[in-house]
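Q: I'm new to reading protein models. Can you walk me through this one?

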Amino acid sequence: MAERAYDVVVIGAGPVGENAAARAVGGGLTAALVDHERFGGECSYWACVPSKALLRPGNLLAALRRMPGIDHDGRLDPAAVFARRDAFTHGGDDSAQVEWARSAGIAPVRGHARITGEREVTVDGAVLRARQAVIVCTGSVVKRPPVAGLAELPGELVWTSREATSESTVPARLAVLGGGVVGTEMAQAWARLGAEVHLFMTGSRPLPAYPAFAGDAVADGLRGDGVRLYPDTAVERVSEVDESGARAVRLAHGGREVDADRLLIATGRRPATAELGLDVVGLTPGAPLPVDDSGRVSGVDGGWLCAAGDVTGRAPLTHQGKYAARIVGDVVAATARGDSVNSSPWSAHTATADHHAVPQVVFTDPEVASVGLRESAGPGQRAVELDIAVAGSALHADGYAGRLRAIVDTRRDVLLGVTLVGPDTAELLHSATIAIVGEVPLHRLWHAVPAFPTISEVWLRLLEEYGL
Ligand SMILES: Cc1cc2nc3c(=O)[nH]c(=O)nc-3n(C[C@H](O)[C@H](O)[C@H](O)COP(=O)(O)OP(=O)(O)OC[C@H]3O[C@@H](n4cnc5c(N)ncnc54)[C@H](O)[C@@H]3O)c2cc1C
Ligand SMILES: NC(=O)c1ccc[n+]([C@@H]2O[C@H](COP(=O)([O-])OP(=O)(O)OC[C@H]3O[C@@H](n4cnc5c(N)ncnc54)[C@H](O)[C@@H]3O)[C@@H](O)[C@H]2O)c1
């Protein structure tokens, strides 16, 4: 049996695995990077990149429609939107990412990887030995809800986020199950591309993980695009129906029925650890890989097994996974050199931001942008909330509607969290992230003067509302 040895073997060549491998190589180590599907992972081909490519034209057109003085015909051209998306995903061709790995000094390996022993990974019969560490970056897979009839539906009727981000035909009617991030983004994208969209959610509003004002604003935005919302609605059964020879899906809920041409399952994801051989090292297949803040898997002796990204069950976002990847890559390289690993908060070897400052943007119209705490957690904290109504926002768009909530640590006079909702609030988020990570006292933030007339003037209004 063929056997090769590297300092590090990284399993999963999504954005996280790529960064972990690059960082280890940058630290002087050799690394193999294994993937059984496409180099670039979910993010590049079926998630972040294509979903944002599908959303951007609709968001831009809606902004144009809100702006007097611009001639436009008010339509999206779906074929052109799909073509632009496909340019970003290279039509599914990952050769550029494989070439990037080679040029970065990483050895790309195609095939399904399993852990077959301590520091040992087997890829389709070939053993890869890891002198220093195995870093698992296998991401996550779609979680299917236990809805009666779902397992029996023909595959062509059911979309997951993969089809929702890669299909090039607009279904006449699309039913969406789940009002989280995937559900809201894809409901809006496909509604704007021309589908009649029905969005089912078990809670009273979309985006239940966010403050109510954000979910309500997104609900209004979706309704404005003709999306039919079904709050507090559990779909009890789905079944195939024959509509004059055409196949469709019937969703039954509370004695009512809705028919659709496609059903999008958007009810969450689970870590991709089922087929990894975790039992060999005493871990539970299917469960997330719990890691410490330096990326070392808990409960495995010797510190040789590490993980980063969605697979850990921590902040399942590309940027956060890449942050964890940079850290674990540096930790493995430092350990190999015999350097000490600094596990104090905010050190180069510690993913401290996971606990305090995870930024996320929901790219709907209006956008939701959030970092840190979203709700006040009790004594010593104060929520300050205000509309985004400044000269910059008024000039940005007629009828601009937005809102901001900040959570302040009143004892230390620093921000703990900021949530913004409104058109084009995404680009304001990093200023909030910097204020939180930098623990900038609000009385010092007072001297960070926002330029006139920008939407950032809301920072000044926030501080005034707080009492400065
Ligand atoms: C529709 C959608 C939109 C999203 N939009 C955003 C967004 O706008 N911004 C954002 O930050 N996040 C977004 N996310 C989340 C983001 O996609 C993930 O957080 C990110 O892809 C995680 O990166 P990863 O490298 O951990 O995993 P992945 O990108 O899933 O990569 C894991 C890789 O591991 C490979 N693999 C798995 N098991 C094995 C094995 N045994 N052997 C070999 N290879 C294996 C897979 O083939 C895959 O290539 C979105 C998710 C979805 C579903
Ligand atoms: N812009 C972004 O950053 C972005 C975009 C898309 C996805 N993502 C990430 O991808 C991951 C997956 O997203 P997601 O939207 O699938 O998960 P999610 O957890 O955000 O939302 C899933 C929703 O489905 C609901 N749900 C569960 N079972 C249901 C049922 N039977 N009927 C109706 N609703 C049901 C849940 O209550 C939840 O609100 C998330 O971690 C998300 O952060 C990020």
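Q: Which domains does the domain assignment of the protein chain give?
A: Domain bounds come from an automatic or database domain assignment. Here that gives domain 1 (3-40 + 94-142 + 270-353), domain 2 (150-267) and domain 3 (366-466). Keep in mind that this is a predicted model, where local features need pLDDT of at least 70, side-chain atom pairs count only at pLDDT 80 or more, and totals for chains, interfaces and linings use all residues. Residues are numbered from 1 along each chain as its sequence is written, while chains are lettered from A and ligands numbered from 1 in the order in which they are written.

Q: How many residues do domain 2 and domain 3 give to their contact?
A: Two residues are in contact if their C-beta atoms, placed from the backbone, lie within 7 Å. Domain 2 gives eight residues and domain 3 gives nine residues. The C-alpha centres of these two domains lie 32 Å apart.

Q: Where does ligand 1 lie?
A: Look at who supplies its shell: domain 1 and domain 2 both give residues, so ligand 1 lies between them. A residue is near a molecule if its C-beta atom, placed from the backbone, lies within 6 Å of it. There are 39 residues around ligand 1, and Gly-12, Gly-14, Gly-41, Gly-139 and Gly-309 come nearest.

Q: How much of the protein chain is buried?
A: A residue is buried if 20 or more other C-beta atoms lie within 10 Å of its own, with C-beta atoms placed from the backbone. Buried residues make up 46% of the 468 in this chain.

Q: And what box do the C-alpha atoms fill?
A: Taken along the principal axes, roughly 70 × 65 × 40 Å.

Terms used
A residue is buried if 20 or more other C-beta atoms lie within 10 Å of its own, exposed if 12 or fewer, and partly exposed in between; C-beta atoms are placed from the backbone.
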